[in-house]
Amino acid sequence: MNKTDVIKQIREIGIIPVVRATTADEAMRAIDAIREGGISVFEITMTVPNAFSVIEQVTTRFGSDALVGAGTVLDVEDAKSCIASGAQFVVSPALNPEAARLCNRYQIPYMPGSATPREVIEAMECGADIVKVFPGDTLGPSFVKAIRGPLPQASLMPTGGVDISNVADWIKAGCVAVGVGGNLTASAKTGDFKTITTLAKQFIEKIRGARA
C-alpha cells in the first residue's frame with residue numbers, strides 16, 4: 001500500500017486506535033477486539049513490550065486487511081526500526097525533523113504531535129501528512145477550529161481525551177480523524193475485550209454521524 005492509499009484509508013475510517021498494553025499478548029487480543037468492532041487501523045506504541053515484534057505479527061497475520069502504524073516514536077532510530085518491522089505510518093508525541101526526513105524518504109506518513117500554531121506549521125513544513133493535536137484533552141476542539149481559520153489546509157488529528165461523548169465535536173471541528181487510546185482499550189487490563197469491540201462500533205457510528 002502506497003503513502004497516498006494509507007492516508008486515504010485513515011481519513012475514510014476516521015479513527016486510529018492507539019494500542020498500549022502491558023504485554024504483547026494483551027496488545028494482540030486488543031487488536032483482535034478492535035478488528036471485530038470494524039476498525040482495521042492500529043497504532044502500536046513503543047511502550048508495548050516487544051513493540052517491533054508486535055508490529056511484525058500484526059503485519060504478517062493480517063496482511064493487506066489491516067493498516068499498522070507505530071506510535072510514541074521518539075527518534076530516527078526507532079522510526080527506522082518501526083518501518084523495517086512493517087509499520088505503514090509513524091506517530092510521534094512531538095516533531096523530530098530527522099524522523100520526518102526518514103519517513104519522507106521512504107514515503108511513510110509521519111504524524112507528529114503539535115500544541116501551538118507554530119508547531120503545526122513546522123510539522124507541515126517538515127512534510128507531516130497529518131498533524132497530531134496533542135494533548136487533545138488540554139487543547140480541545142476549539143483549538144482545531146482556531147487553527148483551521150488561518151490554516152484550512154492543515155490535516156489535524158487529536159489524541160488524548162477523545163471519547164464517545166466528544167468524538168463528534170472533534171470531527172465537526174474539522175479533524176480528518178481521531179486517535180483514541182485508553183478510552184477505547186482500557187478494559188483490556190481486566191481481560192474485558194468485548195467492551196473494546198462494543199466501543200469500536202460506537203466510535204465508528206459517532207464519526208459517521210458527525211460527518212453526515
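Let me start with the contacts of V144. Contact here means heavy atoms within 4.5 Å. Leaving aside neighbours within four places in sequence, V144 is in contact with V133, L156, W170, A173, G174 and C175. The residue is found in helix α8, residues 141-148; helices (H or I, at least four residues) and strands (E, at least two) are DSSP runs, numbered from the N terminus. V144 counts as buried because its relative accessibility is 0%. For the cut-offs, buried is under 20% relative accessible area, exposed is over 50%, and partly exposed is in between, with a 1.4 Å probe and protein chains only. The C-alpha atoms of V144 and V131 are separated by 11 Å, and the two residues are 13 apart along the chain.

A word on the source. This is a predicted model, in which local features need pLDDT of at least 70 and side-chain atom pairs count only at pLDDT 80 or more, while totals for chains, interfaces and linings use all residues. Residues are numbered from 1 along each chain as its sequence is written, and side-chain values use heavy atoms, with hydrogens and water left out.

Next, the core. A nonpolar core is a set of buried Ala, Val, Leu, Ile, Met, Phe, Trp, Tyr and Cys residues joined through side-chain atoms within 4.5 Å. The largest one has 80 residues, and I10, I44, F89 and V178 touch the most other members. Not counting residues up to four places away in sequence, V178 touches G14, I15, I16, M157, P158, V162, V167, W170, I171 and I207.

Now strand β3, residues 67-71. Five of its five residues are buried. In a regular strand the side chains alternate between the two faces of the sheet. In β3 both faces are covered, with L67, G69 and G71 on one side and V68 and A70 on the other. Strand β2, residues 41-45, pairs with β3 in the parallel sense over five bridges; strands pair if DSSP finds at least two bridges between them.

Last, T185. Which helix holds T185? T185 lies in α10. T185 counts as buried because its relative accessibility is 7%.
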